[in-house]
Amino acid sequence: MNDNVPRDKFAKLWAIVLFLDKYGVEARGIERVLPDERTQTSPLAPFWMWLAANMTISTFAIGVLAQSIFFLGLKEAALTIIFFNLLCTLPVAYFSTWGPKLGLRQLTLSRFSFGYATAQLPIVLNCIACVGWSIVNSIVGAQTLRAVSTSHQIPTAAGIVVIAILTIVVSFMGYRVVHLYEQYSWIPVVVIFFIYLGQIARFAESDFGGSGSVEAGNVLSFGATVAGFALGWTSLAADYTVRMPEDMSSYKIFFWTYLGLNTPLILVEILGAAAMTTFAQKTTWEDAYNDNSVGGLLGAGLAGPMGGFGSFLLVLLALSIVANNIPNMYSLALTFQNLHPYAQAIPRIVIVILGSVVYIVLAIVGASHFEEWLDTLLVILSYWLAIFSTILIEEHLIFRKGKWSNYVPDDFNNWRKLPLGVASFLALGCGVAGAVLGMAQVWYVGVIGRMIGDPEFGGDIGFELAFAFTAVTYPPLRYLEKRWWGY
């Protein structure tokens, strides 16, 4: 392969990879998937992919935050969950339609908007996000495994390692096995969530939590959390459609992706919010939550009333986290390869293994700070992904006129044929300024964020302002760049 990637530096590793390739392990990294190699013909593939990836206890944990951190009642939480998910999954579904058109992965595609140099920023941020998600997912999975038994609890570290090993197996195999696993892994999880709903429904309370400006601030801050989870897939979206035919209907891909995302996100997050309203009638469940966080809350509704069978269901539910971790680890390797030709020369499977080791260690260290880590990670993700999505969409619709013929996909590694990256860098800086002005975090409340709700805690409109500042500044900056640079 003549693409100026120094694979000979890792010749021994590539010999192993090519051997494993004969047994179904994907050898391909970020190299373009050519039109005649795009053989995934079912338009339902992205539906199963995102249904499974979000039908997990991580999604349930987002709903739990509505009450535990933002003190919202069930009705406000449900309305916030519905609105922000329907809004923030739109770019994920849209970017999923890009994979079949160019045969390139999502962060590779970003070079056509950000330029080769500036694209390093979203690449590094996405590597951090993939590892960060794997950490919080593993922690919530381990908490759930601990809740299986009160007398013989599995150590948190052991639970994290079990989840990581299962994730590595599927991510290691590659695209085909990832899709195959996600096509079926959601089925037992749906059944268990319905059983759990039956257990908690009669104890849940649907009252509004409050009213006024403080409540509005809390709704916006929880909305930013929901947005961070939904937008989290924008930087991975095209990774899972690159093997679909070029002539596949974009409308079908968009629809099935959008439905596959929102079905679990909305329903499971509302289930998590509902579970937190049961404490008035079930004080023992509150104790279980205080002891083992999300895992304890799930265990209280399953293992508590259902004994051994409930414990078995809880183990399956804990392992559902693997379906959410798989895309993070698979895409981590592809994202990392975008850093430099030397990074591209490292085989994908090696990066999967090294990335897994890193997040196992960090998850074990951070297991006691789960909720704070989760909320902070989600909100910061919502800021930068709003900027990322805005720049990609404006570049495509305004400067490429929405036409795929205005891209030369084989130029993805040629910095001279890509945007210079000054426009995207400056627009990104403006977006960050918007996020800082609008953010409302425990460690910092922005000037505008402080004006909403309780002055001490504020209301988070960081991702909305990040989007607005970027959307306004990128087009004129890019116009000037294009006139001067030519690309």
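The structure is a predicted model, in which local features need pLDDT of at least 70 and side-chain atom pairs count only at pLDDT 80 or more, while totals for chains, interfaces and linings use all residues. Residues are numbered from 1 along each chain as its sequence is written, and side-chain values use heavy atoms, with hydrogens and water left out.

**The whole chain**

- The chain has 20 helices and 2 strands, where helices (H or I, at least four residues) and strands (E, at least two) are DSSP runs numbered from the N terminus.
- The radius of gyration of the chain, taken over C-alpha atoms, is 22 Å, close to the 23 Å that the globule rule gives for 487 residues, so the chain is as compact as a globular protein of that length; the rule is 2.2 Å times the number of residues to the power 0.38.
- Along its principal axes, the C-alpha trace spans about 65 × 55 × 40 Å.
- Buried residues make up 60% of the 487 residues, with buried meaning under 20% relative accessible area, exposed over 50%, and partly exposed in between (1.4 Å probe, protein chains only).
- Of the contacts (heavy atoms within 4.5 Å) between residues at least 6 apart in sequence, 85% join residues at least 24 apart.

- Helix α15, residues 321-337, has 17 residues and reaches 25 Å from its first C-alpha to its last, close to the expected 24 Å, a span calculated as 1.5 Å times one less than the number of residues.
- Because 16 of its 17 residues are buried, α15 is largely enclosed by the rest of the structure.
- Helix α17, residues 348-366, has 19 residues and reaches 27 Å from its first C-alpha to its last, close to the 27 Å expected.
- The buried residues of α17 include R348, I349, G355, Y359 and G366.
- V358 also lies in α17, but at 42% relative accessibility this residue counts as partly exposed.
- Although V358 and I135 are 223 residues apart in sequence, they are 9.2 Å apart in space, C-alpha to C-alpha.

**Two loop residues with positive phi**

- Most residues other than glycine have a negative phi.
- F71, found in the loop between α3 (57-68) and α4 (74-88), has a positive phi near 55°, and at 55% relative accessibility F71 counts as exposed.
- K401, in the loop between α18 (370-399) and α19 (422-438), has a positive phi of about 55° although it is not a glycine, and at 59% relative accessibility K401 counts as exposed.
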